[in-house]
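Hello,

Here is the structure we discussed handing over. Please open it alongside this note; the findings follow below.

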Amino acid sequence: MTTQTPAGAPPTWHDAMRQAFKDNQIRLVTYVPDNVLRPLLEGIHADPFFTAFPCAREEEAIGIATGAIMAGLRTAVLMQTSGFATLPNVLASLPVAFQVPVVMVVSERGTMGEFNPGQAIVCRTMRPILDSMGIEHHTMTRLDEAAFVADRTIRQAFATRWPACLILSPLLTGKRT
């Protein structure tokens, strides 16, 4: 497992994440646009290994990813914390009900100086919702652990045929919004 960075440049969280996707043969990335995820999305769009598919809603991204996985293609779904709030029903009725290893990557808002009370509420409920469905989740906070956590979480999802979620803390991404 390696991260790709320009010569002499330190690795970044988005390089580590993109490499973990490649190492685990995730080729389709569905997403709802998000400012924090922009460097990851730009790298995915620029890399011919991937097919990036923007969606209007998170439920749509999960539905497309679930269908693609059932057809044999490995996928990941990218979104922001607030978009996760729309997902409990679709997660329970698709990937959890049919044991489909949808890998979600969620940029975390609602913490560390958040100005929007709605974001804070969703942030407080996201982990209990994941726990209640038995969905493995890890909050990524440190660059030196990013590649390992991403790779192992993705591997576990596909090995156990169960959804998983990687939460990108502002401690990792350095961004609030």
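This is a predicted model: local features need pLDDT of at least 70, side-chain atom pairs count only at pLDDT 80 or more; totals for chains, interfaces and linings use all residues.

**Two loop residues with positive phi**

Q99 sits in the loop between α5 and β4 (103-107). The phi of Q99 is near 50 degrees, a positive value in a residue other than glycine. Most residues other than glycine have a negative phi. Q99 counts as partly exposed, because its relative accessibility is 41%.

Q25 is the other one to look at. Its phi is positive too, about 60 degrees, although Q25 is not a glycine. Q25 lies in the loop between α1 (13-23) and β1. At 41% relative accessibility, Q25 also counts as partly exposed.

**The sheet**

Now the strands. Six of them form an open sheet with parallel pairing, in the order β2-β1-β3-β4-β6-β5. β2 and β5 stand at the edges. Each has a single partner strand, so one side of each is left without a neighbour in the sheet. From one strand to the next, the twist averages 20 degrees.

Strand β1 (residues 26-31) and strand β2 (residues 51-54) run parallel and are joined by four bridges. V29 has A52 in β2 as its bridge partner. Between these two strands the chain passes through helix α2 (residues 38-46), and this β-α-β crossover is right-handed.

How many residues of strand β6 (residues 164-168) are buried? Five of the five, so β6 is largely enclosed by the rest of the structure. A164, L166 and L168 point one way from β6, while C165 and I167 point the other way. In a regular strand the side chains alternate between the two faces of the sheet.

β6 has pairing on both sides. With β4, the pairing is parallel over five bridges. There, M104 has C165 as its bridge partner in β6, and S107 stands opposite L168. With strand β5 (residues 136-140), β6 again pairs in the parallel sense over five bridges. H137 stands opposite C165 on that side. The chain gets from β5 to β6 through α7, in a right-handed β-α-β crossover.

**Helix α7**

α7 lies across β1, β3 (74-80), β4, β5 and β6. Relative to β5, α7 runs at about 170 degrees.

Is T153 buried or exposed? T153 is buried, because its relative accessible area is 3% and the cut-off for buried is under 20%. Leaving out residues up to four places away in sequence, T153 touches H138, A164 and L166. Of these, A164 and L166 belong to the group that points one way from β6.

**A helix pair**

Two packed helices are described by the angle between their axes and the distance between the axes. Take helix α3 (residues 58-70) and helix α5 (residues 88-96): their axes come within 10 Å and cross at roughly 0 degrees. That makes α3 roughly parallel to α5, because angles under 35 degrees count that way.

Which residues meet here? From α3 they are E59, I62, G63 and T66. From α5 they are V90, L91, L94 and P95. By class, the contact of α3 with α5 has five nonpolar, two polar and one charged residues.

Best wishes

How values were computed: Residues are numbered from 1 along each chain as its sequence is written. Side-chain values use heavy atoms; hydrogens and water are left out. Two strands pair if DSSP finds at least two bridges between them. A crossover is right-handed if, with the strands pointing away from the viewer, the path from the first strand over the helix to the second runs clockwise. Axes are lines fitted to C-alpha atoms, for helices over the stretch in contact, and angles run from 0 to 180 degrees between N-to-C directions. Angles under 35 degrees count as roughly parallel, over 145 as roughly antiparallel, 65 to 115 as roughly perpendicular and the rest as oblique. Contact means heavy atoms within 4.5 Å. Ala, Val, Leu, Ile, Met, Phe, Trp, Tyr, Cys and Pro count as nonpolar, Asp, Glu, Lys and Arg as charged, and the others, Gly among them, as polar. Buried means under 20% relative accessible area, exposed over 50%, partly exposed in between (1.4 Å probe, protein chains only).
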